[in-house]
Amino acid sequence: MSTVGYDTVLALSSQMLELAKQQNWESLAQAQEHRARLIAGLPPALASMTPAEQAATRLSIQEIQGLDSEILAYVTPWRDDVAKLLSRLSPSP
């Protein structure tokens, strides 16, 4: 088994961070959809990997989680601003 799938998800996560920094929300959403499809196709268990592959995969997953946290730091304020704007557009009951 290989860690290639995890490496691909890691590279895409890094690209997603750059898109978030650029506030390119549409491309970020498309990248997220692509990443979700990649993740869905990853092997469900690490048990069949060699110890070296397991260690590399763990490291990749930790890096992906760190990138996700950074992406959220960019997305959350934007999402909150959009929610406020949309609430102003909603008709009052």
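Predicted model: local features only at pLDDT ≥ 70, side-chain atom pairs only at ≥ 80, totals over all residues.
**Entry 1: H1 against H3**

I began with helix H1, residues 4-21, and helix H3, residues 51-89. I read a packing angle of about 15° for H1 and H3, and their axes lie 9 Å apart. Angles under 35 degrees count as roughly parallel, so I noted H1 and H3 as roughly parallel to each other. The crossing of H1 and H3 is left-handed.

I then listed the contact. On the H1 side I found Tyr6, Asp7, Val9, Leu10, Ser13, Ser14, Met16, Leu17, Ala20 and Lys21. On the H3 side they meet Thr57, Ser60, Ile61, Glu63, Ile64, Leu67, Glu70, Ile71 and Tyr74. Sorted by class, the contact of H1 with H3 holds 11 nonpolar, 4 polar and 4 charged residues.

**Entry 2: H1 against H2**

Next I looked up helix H2, residues 25-40. H1 and H2 pack at an angle of about 165°, and 9 Å separates their axes. That angle makes H1 roughly antiparallel to H2. I recorded a left-handed crossing for H1 and H2.

From H1, the contact takes Thr8, Val9, Leu12, Ser13, Met16, Leu19 and Ala20. From H2, it takes Trp25, Ser27, Leu28, Ala31, Gln32, His34, Arg35, Leu38 and Ile39. My class tally for the contact of H1 with H2 reads 10 nonpolar, 5 polar and 1 charged.

**Entry 3: H2 against H3**

For H2 and H3 I noted an angle of about 145°, with the axes 13 Å apart. H2 passes H3 in a left-handed crossing. H2 brings Trp25, Leu28 and Arg35 to this contact, and H3 brings Ile64, Asp68, Ile71, Tyr74, Val75 and Trp78.

**Entry 4: the largest pocket**

I then asked which residues line the largest pocket. The lining consists of Met16, Trp25, Leu28, Ala29, Gln32, Arg35, Asp68, Ile71, Leu72, Val75 and Trp78. Helices H2 and H3 are the elements that give two or more residues to this lining. I have the volume of the largest pocket as about 190 Å³. Its lining divides by class into 8 nonpolar, 1 polar and 2 charged residues.

**Entry 5: cross-check**

Met16, a lining residue of the largest pocket, is listed in the contact of H1 with H3 and in that of H1 with H2. Trp25, Leu28 and Arg35 of H2 meet H3, and the pocket lining includes them. Asp68, Ile71, Val75 and Trp78 of H3 are among the residues in contact with H2, and they too line the pocket.

Notes
Residues numbered from 1 in each chain as written. Heavy atoms only, no water. 1 Å grid on protein atoms, 1.4 Å probe; cavity = no way out; pocket = protein on both sides within 12 Å on 5 of 7 lines; lining within 4 Å. Points joined across faces, edges and corners; volume = space filled by probe spheres on them. Helix = DSSP H or I, 4+ residues; strand = E, 2+ residues; numbered from the N terminus. Nonpolar A, V, L, I, M, F, W, Y, C, P; charged D, E, K, R; others polar. Axes fitted to C-alpha atoms, helices over the stretch in contact; angles between N-to-C directions. Parallel < 35°, antiparallel > 145°, perpendicular 65-115°, else oblique. Left-handed = near helix turned anticlockwise from the far one by under 90°. Contact = heavy atoms within 4.5 Å.
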